[in-house]
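Have the structure open while you read.

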Protein chains: 2
Amino acid sequence: MNPRAVVIATGDELVRGERLETNGFFLARELFHAGFTLVRAVIVGDALDPLAEEVRRALPDADLVCISGGLGPTDDDLTRGAVAAALGVAVREDAAAAALVRRSLEARGRPYTPLQARQALLPDGCALVPNPTGTAPGFWCRRGRALLVALPGVPGELEAMWRGPVARVLAAECPERAPPGWKILRCFGLGESEVQRRVAAVCPEARPGEIGMCAEAWAVAVYLAGRYAACARDVRAALEPNVFGEDDDTLATVLVQALVRRGLTCAVAESLTGGGLGYALTSVPGASEVFRGGTIAYAEAEKVALGVSPEILAAHGAVSAATAEALAAAARRRHEAALGLATTGYAGPSGGTGADPAGTVYIAAATAAGCRVRRVWAAGGRAAVRQVAINYALAMGLGAVEEGFGLQPGM
Amino acid sequence: MNPRAVVIATGDELVRGERLETNGFFLARELFHAGFTLVRAVIVGDALDPLAEEVRRALPDADLVCISGGLGPTDDDLTRGAVAAALGVAVREDAAAAALVRRSLEARGRPYTPLQARQALLPDGCALVPNPTGTAPGFWCRRGRALLVALPGVPGELEAMWRGPVARVLAAECPERAPPGWKILRCFGLGESEVQRRVAAVCPEARPGEIGMCAEAWAVAVYLAGRYAACARDVRAALEPNVFGEDDDTLATVLVQALVRRGLTCAVAESLTGGGLGYALTSVPGASEVFRGGTIAYAEAEKVALGVSPEILAAHGAVSAATAEALAAAARRRHEAALGLATTGYAGPSGGTGADPAGTVYIAAATAAGCRVRRVWAAGGRAAVRQVAINYALAMGLGAVEEGFGLQPGM
């Protein structure tokens, strides 16, 4: 069994929802890949007793307790005192910590005041974890089976310390780890319950935790852990032709790679998504090799200027299969690309018709071989509808250029 | 004293660091504004016992326990069973829940299978919380002093349910709350430490927790709590002319509103941001009133086709002040808009020159009165650089159309 980890983040700005806690996300990923099981991640405010209670609760049952935040010099930095209280020890000035704090302040041209000197206090029995990029040092100690590590809450400082000094402590103090066998399959165009049904047919014995599933804007990720990582090929076969990638692949990276591989270019014509499809494509480093550009044809006159005929708009409306097709064809033509992708629709909250209510989206993909168009309806409000349209357009683009990737009829 | 809340999020994808948990962030903010004190936010995996233990731990000491995730139809959706175990009751099919699940599946053209029917199971004694945008319903119950609410983990669904049916339950069941006096000022174009310095000069007595600050892609939010909410006017004066909004304002909403108010239209020409600027503008409901469209001029030939002269590109390069100006002017002309916004730059990781390394961005805003262009450099990698460019373009657009909003020289 993997060693068990607990992460504790402290900060009033976190419990008031002023700042999104991301250290736990970073640590969760790092811990997973380092062979730990994260049993719990907790956020508490800047208050001594609740923080000490979380530490006390975690120690007997964890192999690693990692605390982020509360190590600065101000009154709301309480991690030193809370850990000391949980361990039943006092805090004392650590000479090495004092020297480091003094040096890092000097480098910034700032004085070593009594306030700053608080950062050199450590719970008795704890050792310094140097902070290469900031002022506040961290600390660590062993208590029974648990290793306790306290790091500052500034993400860049925490990450640098985790990858440097903490990694060395873990290697020395907690060497018995088996980073997981693990495979992620990513598919698009199948509902989550349909994916579940097909996976269950291949892996009928799987217990919760062995196979996980995560759906976002109609892309479903299937996580195969432990013995099931070896079944990835069979699971993949059961989900074809809807599997677009594995592990860290996204629809955008896979489409860009497919275009690069085939020496093809692409362009977009966006109404509904207002540029989001181009933004997704250009989030991929190296997209400039294949992405030529596009037109955000938001107003009706912009669609006409791009090359959608006024007759089509008059006969079918801006939100229609015919307009989506005309947009995709115009994207190819105007931007001289092999693949043209287009979106139009009603993002909501207002807009829509009886036949095409808010959430209705038309997506088209045009190539030299012709144009395909799909109508879909997505729930969840403006942001969700637009994200589904972006993903759907990327998937249709992939279907148009990549042999073997296909969208299920009816999705 | 405020009523106390505990938030519990469940998901293997959360403890493995595959997905950033954001529901806790949303709920923390909502709870704060609703007059609750969030004492703890916990993330646990998809496992029955740890989830049930968190619920058991929270119930005696909280006025509100809010669970997110684990309500779908699949084997790793365990919230119904864990809550039932914590409450010491069985799960049973709820007729109202079954009818809702069936109806929502029908609307999607999908069958009501035994797997889907799991979503109609509720712990005995719990009442349905309808899900207006998705399939999985939530539930709630009262246990002693605590109100327990379970909502699906899909953020859009959770948010819609929180603002609709859950708000009604809270109003009826937990009416004794005193939402805090609270004001948020939002500024752009000042560094976080400069904002801190100016705020401290106005509010020298502020204690930790009374004034908070949060910076994201160069926009800084200043949170004034309690007695300091009344000082918002003075703090605002100290931050002018860089304050663009308050409370829930974003750069995009404020720019769209300013354009609407003045009867102006806008358009974009995007290289670096690849459509992200248009995407940000069109995220605002009603943007179609003022946003005409734009061109994603990613490839060099696309910039020429849009109207940037080959001489400018040859003399200055695609990443230059002259090209940014030419793009902004072309956006106005091509898309017949009053305001043209443009971005060009090196997003990284590769690209850049000695004088303009990766992270260098040029942003231009053109109106009938002329064109302004700025060069900025942003750290943090491709996504961060592009987000800074989007925010900067929105702020320059605002500066161009709104009397009184200005960017500090040197930012």
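How many salt bridges does the rule find across the interface of chain A and chain B? The rule finds 7 of them, a salt bridge being a side-chain nitrogen of Lys or Arg within 4 Å of a carboxyl oxygen of Asp or Glu.

Some ground rules before going on. This is a predicted model, where local features need pLDDT of at least 70 and side-chain atom pairs count only at pLDDT 80 or more, while totals for chains, interfaces and linings use all residues. Residues are numbered from 1 along each chain as its sequence is written, chains are lettered from A and ligands numbered from 1 in the order in which they are written, and side-chain values use heavy atoms, leaving out hydrogens and water.

**The interface**

On the chain A side, 71 residues are in contact (heavy atoms within 4.5 Å) with 74 residues of chain B.

| Item for chain A and chain B | Value |
|---|---|
| Buried area | about 5900 Å² |
| Share of buried area on carbon and sulfur atoms | 54% |
| Residue pairs in polar contact (both at pLDDT 80 or more) | 30 residue pairs |

Buried area is the accessible area (1.4 Å probe) that two parts lose on being put together, summed over both. A polar contact is a pair of N or O atoms within 3.5 Å; within protein, one must be able to donate a hydrogen and the other to accept it, and residues adjacent in sequence count only if both atoms are side-chain atoms.

**Strand to strand**

Strand β14 (residues 291-297) of chain A pairs with strand β14 (residues 291-297) of chain B, antiparallel, over 5 bridges. Strands here are DSSP runs of E, at least two residues, numbered from the N terminus, and two strands pair if DSSP finds at least two bridges between them. In that pairing, T295(A) sits opposite T295(B).

**Zooming in on R292(B)**

R292(B) belongs to strand β14 of chain B. Within chain B, the side chain of R292(B) reaches the backbone oxygen of E336(B) at 3.3 Å.

Is R292(B) buried or exposed? R292(B) has a relative accessible area of 16%, so it counts as buried (under 20%, with exposed over 50% and partly exposed in between, 1.4 Å probe, protein chains only). Leaving aside residues up to four places away in sequence, R292(B) touches residues of both chains, including I296(A), Y298(A), T265(B) and H335(B).

How values were computed: Helix = DSSP H or I, 4+ residues; strand = E, 2+ residues; numbered from the N terminus.
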